[in-house]
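Visitor: I have a few quick things to ask about this one. Could we go through it together?

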Amino acid sequence: INANQLENAASYITALLEKTTARKIYETSRSGNIVVDSLVNYKCSIAQKDNIEFSANIFIPPVLPFQNGTLTIILGNLLENALEACRQIRNGKRFIELQMSYQKEILSIVVWNSFEGERYPDSQKHFKTTKTNHARHGLGILSIEQAVAAYNGELITETHGEIFKAVVILYEGREK
């Protein structure tokens, strides 16, 4: 979408939706927002296959004042990062919790997930990738930051013990 390849983006989203409906995925998200519901339900089905507990509380209207591509980048990367962190857990509880709400022209997305091992932020307070090929990985948070910046929003990441928390705030009407 950012590269203005709208036809390719539309085809990609259509293919994702077709895969989702073909598998009869359990609907964790039923907000009426097809982009959010499809993405959350798809990621939930992946979590279930990987024996990761997944819960979601989503209170948003069917139509949000933010570009669907921006929401896909943010939510997709947050959930993919959480899935990856949970997959690395050898012993212990593997879980992802998503809360999403829209009130007073503010969209709030919060993801908590379990993880194992140490996480270290770099000089810009980005958590470094745990994958060996640093050149090809670790771009998810950067993509989220760029999408959030388009709405003069905020991304806050922190750890509490072995729980990672990511908070995204987007403000309606503050698009750059």
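Visitor: Leaving out residues up to four places away in sequence, which residues does L75 touch?

Guide: This is a predicted model, and in it L75 touches V36, L39, V40, L98, M100 and I109, once residues up to four places away in sequence are left out.

Visitor: At what angle do helix 2 and helix 3 cross?

Guide: The axes of helix 2, which covers residues 34–49, and helix 3, which covers residues 68–87, cross at roughly 10° and come within 10 Å of each other. Since angles under 35 degrees count as roughly parallel, the two helices are therefore roughly parallel to each other.

Visitor: Which residues make that contact?

Guide: On the side of helix 2 they are V35, V36, L39, V40, K43, I46 and A47, while helix 3 contributes N68, L71, T72, L75, G76, L79, E80, L83 and R87. By type, the residues of this contact divide into 10 nonpolar, 3 polar and 3 charged.

Visitor: N68 is on that list. How exposed is N68?

Guide: N68, which has its place in helix 3, has a relative accessible area of 40% and is partly exposed. Its C-alpha lies 9.8 Å from that of N33, although N68 and N33 are 35 residues apart in sequence.

Visitor: What about N81, where is that?

Guide: N81 is also placed in helix 3, and with a relative accessible area of 33% it is partly exposed. Leaving aside neighbours within four places in sequence, N81 is in contact with G140 and I141, and the C-alpha atoms of N81 and N113, which are 32 residues apart along the chain, are separated by 9.2 Å.

Visitor: Changing topic to the backbone: what is phi of N51?

Guide: N51 has a positive phi of about 60° although it is not a glycine. N51 is found in the loop between helix 2 and strand 1, and at 64% relative accessibility N51 counts as exposed.

Visitor: And what is phi of K104?

Guide: Phi of K104 is near 50°, again a positive value in a residue other than glycine. K104 lies in the loop between strand 2 and strand 3, where its relative accessible area of 81% makes K104 exposed.

Visitor: Zooming out, what pattern does the chain follow along the sequence?

Guide: The protein chain has 4 helices and 5 strands, and read along the sequence these follow the pattern α-α-β-α-β-β-α-β-β.

Visitor: How much of the chain counts as buried?

Guide: Of its 176 residues, 39% count as buried. The accessible surface of the protein chain comes to about 10400 Å², of which carbon and sulfur atoms account for 49%.

Visitor: Last one: of the contacts between residues at least 6 apart in sequence, what percentage join residues at least 24 apart?

Guide: Within that set of contacts in the protein chain, 63% join residues at least 24 apart.

Technical notes: Residues are numbered from 1 along each chain as its sequence is written. This is a predicted model: local features need pLDDT of at least 70, side-chain atom pairs count only at pLDDT 80 or more; totals for chains, interfaces and linings use all residues. Side-chain values use heavy atoms; hydrogens and water are left out. Axes are lines fitted to C-alpha atoms, for helices over the stretch in contact, and angles run from 0 to 180 degrees between N-to-C directions. Angles under 35 degrees count as roughly parallel, over 145 as roughly antiparallel, 65 to 115 as roughly perpendicular and the rest as oblique. Contact means heavy atoms within 4.5 Å. Ala, Val, Leu, Ile, Met, Phe, Trp, Tyr, Cys and Pro count as nonpolar, Asp, Glu, Lys and Arg as charged, and the others, Gly among them, as polar. Buried means under 20% relative accessible area, exposed over 50%, partly exposed in between (1.4 Å probe, protein chains only). Accessible areas come from the Shrake-Rupley method with a 1.4 Å probe; for residues, only the protein chains shown count as cover.
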